[in-house]
Amino acid sequence: RSDSTRLINDSFLRQEGCGRGNSFEVLALSRRSSREPQFLPRQLHLSPQVSLHHSCCALEMNEIWRMPQSPDDDNGDDDKEAEMETAPPSDEPETKAQLSPTPTQRPWFVLPAIVLSQFAGTALWFAGNAVLDDLVDEWGLPESSLGVMTSSVQLGFIAGTLAFALYSVADRFLPTKVFLTCAVLGSAFNAIIPFLGWNVDETDNDNDANESSSSSSSSSSNLLLTGLIVLRFATGFFLAGIYPVGMKVAADHYQSGLGVALGWLVGALALGSSFPFLLRQIPQPWQALLWETSLIALLGGLTVGFIVPNGPYRKAGTKKFEPRALWTLFQNAPFRSAAFAYWGHMWELYAFWTWCPVVWEAYLEEERDNHNNDVPDFWSESMVTFFVIAIGAVGCILGGYASARYGSATVAFTALATSGSLCLLSPALYLAPFALALTAYLLWGMAVVADSPQFSTLVAQTAPANNVGTALTIVNCIGFAITIGSIQLLGVPWSEKYLFLLLAPGPLFGLWSLRKLVFVPSRLENLAATSRSKGKATPLGGGEEESGKHNNS
C-alpha cells in the first residue's frame, strides 16, 4: 500500500509541478475514501489540484480504495501522513507508463459552434452598408456616407480592442460570457438604427407644405447621420468582443491544430461580413434586414455563452497591455517584417470589401446600358458582393491547411501577390466580359483575406513569448486604423474603372516587407533557436503543439 501511494505522489510531483502539500492532500482523500468510497470522486472533481483526465492516477486510486484496511489505520492516519511527507522517494523503478496524462477530449461540437457563432456575430459588421442606399433615399443622407459609416465601425473596433487589452477583459473574465455580453449589446445597437428615423415621414410632409424648410431638412439629415455614426461606432466597439474573443475561445480548446481552427474562424468572419448582402436580395423593408442580423448575432452569442464550454487550456490572468514593450517589439526585424506586411494587407482588405458594391453597380449599369445580354438579371451589385466576400471563407480554410505544409509566410506571400496583381489589373477587368470579370473578382475575394490568419500567426511567432498579447493588440489596432485611410481615400471623385488602383500600394509594400521571411527562412530558424536558448517558446517552423501554446497566450 505505501509503495502504491508513493508512486502516485511522485507522479503528481513530476506532472503537475505541485508542492508536496497538494499531492498529499490527494493521499489523505484516498484514506478517507477507503472508508467512504463514494466520497473521493466528487472531491477529486472539485479539487483544483487534481484533473480527472489523469485516468491512470484514478485507476491507482481505485486500487487503493479496494485494498483491505487494517483496524488501526483509522487511529494512525495523521502519523502516517506526516511520516510519508518526510519519507524519501522510493527506489522502485517506475514501470507504469500509463501514469502520463491522457489528452483532453473536447466535445465534437465545439469548433462548429464557435465557427457558426463567429459567422453570426460578424454579420453586424456590414449590416449598415447593405441598407445604405435605402438610408440615402429615405433620410436624405449624402452620398459620402458610405465611407463615413464604415470608418465609424472600424474606429469603434479599434477602441474596443484597446479597451479590452488594457483591462485584460478576455483573460480576467470567462471569454464565453464576454462573447455573449458583446453579442447582446452589439445586436441591440444595430437594432436601434431604424428607430432613429421614426419621424422622417412626418418631417417630409411638413417640408412639402413649406419649401422654405430646406435648411431644417438638412439639419435633420445631419442629425440622423450623427446618430447613425454613433450607433455604428458602438456596434464596432462590441465587435471587438466577438471576433478576437471568439479566437480566444477557440485557442482555449486547441493546444494543437490551432492554425487550422483559426483558418475556419477568419473564414467565418468573411462569410458573416457578406451575409447582409445576401439578405438584401430578399424583398423586405430595410429595417427588417437590420433586425434579422441583430437576431442572428444574438443567437450566436447565446450559443457560445450557454453551449460552448470554457476550454481546458484557459489560464486566467490579470496582465495588462504593456506600451513600454513596443520599442522592444519593433527592434525585432522578423516581427517588424510580419507587422509591416500585415499593414499592407489591411490597406487593401476592408476598402476592397467596402467599395466592391459601388464598382460593380457602375460596371453592371454600363454593361446593361450597352445591351449586353451576357449579364443575367440574377446578378446585382449586392449579390456579386456577397459571393466575392463569402468566397474568402474558402480561401482562409484552404490557406490554413496549406500553411501546415508550406508555412504561413509562403501562404501569405502567395495570397498577397495574387490580390496585388488583381489590383493592378482592375481597369482591364472593368472592360472585360461579365463572366471573366466575375471569375477574376471571385479569385480576388478568395486571395484578399486568405493571408489574414497567416499574418496573425507570423506576428505571434516572431514576437517575444512574454509579449504576444501586446504584439497582437498593437498590430491589429494599427492595421484597422490603416483601413480607415484607404476607405476614405476611395471616396475621391474618380472613375470606378480606376478606383482599385489606389489599393495596389498596400500589397506591394506587404510583399516587399515579407520577402525576407519567405526567401531567407534562416532568419526564422535563427530566431527560433535564440528564443529557445533563452527559454522562450517561439514556435517558428515547429510542431502544431508548440505553436498552439504560443497562440493561446
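Arg280 counts as partly exposed, at 27% relative accessibility; this class lies between buried (under 20% relative accessible area) and exposed (over 50%), with a 1.4 Å probe and protein chains only. The structure is a predicted model, in which local features need pLDDT of at least 70 and side-chain atom pairs count only at pLDDT 80 or more, while totals for chains, interfaces and linings use all residues. Residues are numbered from 1 along each chain as its sequence is written, and side-chain values use heavy atoms, with hydrogens and water left out.

**Salt bridge**

- Arg280 forms a salt bridge with Asp134, and their closest N and O atoms are 2.9 Å apart.
- The pair ties together parts that are 146 residues apart in sequence, because Asp134 lies in helix α8 (residues 132-139) and Arg280 in the loop between α15 (258-279) and α16.
- Asp134 is partly exposed, with a relative accessible area of 22%.
- The count comes to one salt bridge, defined as a side-chain nitrogen of Lys or Arg within 4 Å of a carboxyl oxygen of Asp or Glu.

**Overall architecture**

- The protein has 27 helices and zero strands; helices (H or I, at least four residues) and strands (E, at least two) are DSSP runs, numbered from the N terminus.
- Of its 553 residues, 51% count as buried.
- Among contacts between residues at least 6 apart in sequence, 85% join residues at least 24 apart, where contact means heavy atoms within 4.5 Å.
- The protein exposes about 24800 Å², of which carbon and sulfur atoms supply 60%; accessible areas come from the Shrake-Rupley method with a 1.4 Å probe, and for residues only the protein chains shown count as cover.

**Helix α22**

- Helix α22 (residues 434-450) has 17 residues and reaches 24 Å from its first C-alpha to its last, close to the 24 Å expected at 1.5 Å a residue; the expected span is 1.5 Å times one less than the number of residues.
- The buried residues of α22 include Phe434, Leu438, Tyr441, Trp444 and Val448.

**Nonpolar surface patch**

- Leu295, Leu299, Leu302, Phe306 and Ile307 form a nonpolar patch on the surface, with about 500 Å² of accessible area together.
- Patches are made of residues with over 30% relative accessible area and no salt bridge; like charges are joined within 9 Å, and nonpolar side chains (Val, Leu, Ile, Met, Phe, Trp, Tyr) within 5 Å.
- Leu302 belongs to helix α16 (residues 286-306) and is partly exposed, with a relative accessible area of 34%.

**Ser337**

- Ser337 lies in helix α18 (residues 333-369) and is buried, with a relative accessible area of 11%.
- A polar atom of the Ser337 side chain lies 3.5 Å from the backbone oxygen of Ser513.

How values were computed
Polar contact = N/O pair within 3.5 Å; in protein donor to acceptor, adjacent residues only side chain to side chain.
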